[in-house]
Amino acid sequence: ASIGYTSEEYLGRFGGDATDSIHPADRQRVSSAILDIVAEGRTRSVIYRVLHKNGNYVWVNTIFSATGTKKGENSFYAVFLPIANGLDLQMELLNMADMAVHVIDAETYELYYSNDAGFTLLGQKPHDYRGQKCYEAIFGLAEPCSHCTKGFTMAGVSHHDAYVPQTGRIASGVSCIAPWNGRKVIVEYIADVTEQRNLERQMRALIDNAPGGLCLYQWKDERLVPLFLSDYFSQLIGADGCKRMSEDADLNFRQVHPDDLPGLKRDIMQGLRLTHSIDTTYRVRNEVTGKFVWIRAQVKCVPQEDGTQLCYTVYTDLTELKIAEAKLAMVQKELEIAIGHAEMWYLTIDPETDTIKFDDVFLHDLPDYASAYDGQDVYDYAAYLIKPKYIHIFEESYKKIKNGAESVTFEARCLLRGGKERWLRFRVSNIFDKSGVSYKIICTAQRIDT
């Protein structure tokens, strides 16, 4: 009754050879199982497809049991059972899932099962797939897909992504080889990962185009282990060095300039101990060029439940800035020497705090203890240097500078070293940044009498 026939109808149609009722793809497997059952004299359950009276193939669970030898021939009996209701429920639940599920014969690639998502996810309507190859029924191809023919690992697992032109979506599949009722089958799970892959591409583009190197380290067992190193960082330290660093957790310290290593380790250990941000600058040797480059490392340490810490790090190449600073320092020194040769005094003023900064080389004619005013208020120093009768001239001139004047010049009677009074000509100038804000005030003074 499970296959729709009465006993008389079944004998009338298949009495000559009962294997004619078995699906062609299952006949060899069932015949082999029956031979084993008869030879071993035991009972066994076999699941396969048989032809229903309505013309469709249905899955049945048949109990075969050897009964011995009759008239010199081996005999057995078979009990046909419908597939358990529990399996029907499982099939129904799978049909409600968003993930595609396929069960495929690993040798013939016949599609044994597909839930509805197995079709809709790949741009097709669910349809009758019985007797069809998976690659024909699901993908509309003339031959098996590469991930089923050669994509499996030694553990029998295959991972693959595919663009589905019918839907414009990205599908990601995981396949595994498993035993099923005496045969090897490929069980394939496919999910729509379009949003995930798009986000991954955006993150990859962010990392690739970020104005600095992005790296992730794990602090574990007193070692800083690299987990991710961006391409920018690879170029910064040299591709070979990046590869070696990923293999050797201590290399990121061995590449550091010896003079900078103690300070770097101190900053890192303090940041790890206090679990706060680290901002440090040091030199690291590029493994390809052999030259040292200046980098700034900004690190955020985040404790993990397992006692380790993840260190999210941004690296910035400061080499060009350091070269420019060195050149600027040379120019500054040359300027100071030139001013000294011109018998001028020179100091700078911070426009925000109105504090002054001397260079000792220019203190030779200034009043005794002038250096005591280094870092002090400019108004206090002016009251010390300029005679009271002329202090108002300084105040009016400096007020113009504070109000944004580019430069002012004034003369005043001043008290110099040894108690000598001399006339000095002062020139005070603002230095503006690109936005027009003063970031430094320069003041020079020159004697104008003998």
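Student: How much space lies in the second largest pocket of this model?

Tutor: This is a predicted model, and about 340 Å³ of space lies in that pocket. Of the 16 lining residues, A18, T19, I34, F64 and F76 are the closest to the centre.

Student: Which element gives the most to the lining of the second largest pocket?

Tutor: Strand β3 does, with 4 residues. At least two residues each come from α2 (24–40), β1 (43–51), β2 (57–70) and β3 (73–82). By class, the lining has 11 nonpolar, 4 polar and 1 charged residues.

Student: What makes D26 and R29 a salt bridge?

Tutor: The cut-off is 4 Å from a side-chain nitrogen to a carboxyl oxygen. For D26 and R29 the N to O distance is 3.2 Å, so the pair qualifies as a salt bridge. These two residues sit 3 apart in helix α2, so about one helical turn separates them. Both D26 and R29 are buried.

Student: And how do you know that R49 and D26 meet in a salt bridge?

Tutor: Their N to O distance is 2.9 Å, against a limit of 4 Å. This pair links distant parts of the chain, with R49 in strand β1 and D26 in helix α2, 23 residues apart.

Student: Why is R197 called buried, and E200 partly exposed?

Tutor: Buried means under 20% relative accessible area. R197 has 18%, so R197 is buried. E200 is at 39%, between the 20% and 50% cut-offs, and therefore counts as partly exposed. Salt bridges that share partners also join D26, R29, R49 and E110 into one network.

Conventions: Residues are numbered from 1 along each chain as its sequence is written. This is a predicted model: local features need pLDDT of at least 70, side-chain atom pairs count only at pLDDT 80 or more; totals for chains, interfaces and linings use all residues. Side-chain values use heavy atoms; hydrogens and water are left out. On a 1 Å grid over the protein atoms alone, a cavity is a set of points where a 1.4 Å probe fits but cannot get out, and a pocket is an open set with protein on both sides within 12 Å along at least five of seven lines; lining residues have an atom within 4 Å of a point. Grid points are joined across faces, edges and corners, and a volume is the space filled by probe spheres set on the points. Ala, Val, Leu, Ile, Met, Phe, Trp, Tyr, Cys and Pro count as nonpolar, Asp, Glu, Lys and Arg as charged, and the others, Gly among them, as polar. Buried means under 20% relative accessible area, exposed over 50%, partly exposed in between (1.4 Å probe, protein chains only).
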